[in-house]
Amino acid sequence: MASADRTAVEITRHHVPNPDANPWVEGPPPPVPVEIVAYNPEWPARYRALAAPIRTALGPTALHLEHVGSTSVPGLAAKDVIDIDLTVDDPRHEAAYVPALTDLGYRLTVREPDWHQHRCLNLDVPRVNLHVFGPDCPEVIRHRMFRDWLCAHPDDRERYEAAKRAAVPGGGHVMDYNARKQPVIREIYDRMFRAAGLL
């Protein structure tokens, strides 16, 4: 299989978590109500204010920072949580980045070796999910593509917002909320991948 074909397969493959894996560093968090709020035009500035100290603390260890997730899409209602993708040389080398981020108030909460060596650190105020991946990670590419697709396609942006709001009732963990909106996400991803010639 050619490199481009292999990359397409990796980008379009949906991650299926290992049901026997325990990704929680501190144990699973208690369920909290999911609240969707109207788009806040201050979210991009909040991201920039968060990114600056991360870059300063990590220096060249931070290969790339990107505002992703719903708060990065103008006009899209979302949870009031900033999602950031941080690219480092090797997420497994936690000593290279976790202590510096801990000094900024972040906590390492998730470690997923079977999903591109994903690590997630959380900040409580303001609320942040800081996702750590390695270079050229397919998941980072997916995040950017999804963000840019929603920015350029109002119909899918509205469809996704409706799915988010419909997924709130039912309670449970945020993962339960994510599962309830997943069919619509997969449908949008399929259109996006086909438009990009990846399927």
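A nonpolar core here is a set of buried Ala, Val, Leu, Ile, Met, Phe, Trp, Tyr and Cys residues joined through side-chain atoms within 4.5 Å, where buried means under 20% relative accessible area with a 1.4 Å probe, counting protein chains only. Keep that in mind, and note that this is a predicted model, in which local features need pLDDT of at least 70, side-chain atom pairs count only at pLDDT 80 or more, and totals for chains, interfaces and linings use all residues. Residues are numbered from 1 along each chain as its sequence is written, and side-chain values use heavy atoms, leaving out hydrogens and water.

Let's start with the overall layout. The chain has six helices and five strands, taken as DSSP runs (helices H or I, at least four residues; strands E, at least two) and numbered from the N terminus. Read from that end, the order is α-α-β-β-α-β-β-β-α-α-α. The radius of gyration is 17 Å, close to the 16 Å from the globule rule for 199 residues, so the chain is as compact as a globular protein of that length. That radius is taken over C-alpha atoms, and the rule is 2.2 Å times the number of residues to the power 0.38. Along its principal axes, the C-alpha trace spans about 45 × 40 × 35 Å.

Now for the inside. Of the 199 residues, 41% count as buried. Contact means heavy atoms within 4.5 Å, and among contacts with a separation of 6 or more, 64% join residues 24 or more positions apart.

In soluble globular proteins, nonpolar side chains tend to be buried together. In this chain, the largest nonpolar core has 23 residues, and I84, L86, L101, Y106 and L130 have the most contacts inside it. At least two core residues come from each of α2 (43-58), β2 (82-87), α3 (98-103), β4 (118-123) and β5 (128-133); α2 gives the most, with six. Zoom in on I84: leaving aside residues up to four places away in sequence, I84 touches Y47, L50, I54, L65, E66, V68, V128, N129, L130 and H131. Another core lies apart from the largest one, with 13 residues, among them L76, M145, W149 and Y189.

Finally, have a look at E94, in the loop between β2 and α3. E94 counts as buried because its relative accessibility is 16%. Beyond residues up to four places away in sequence, E94 touches P99, L108, R111 and R119.

Conventions:
Buried < 20%, exposed > 50% of the residue type's maximum accessible area, 1.4 Å probe, protein only.
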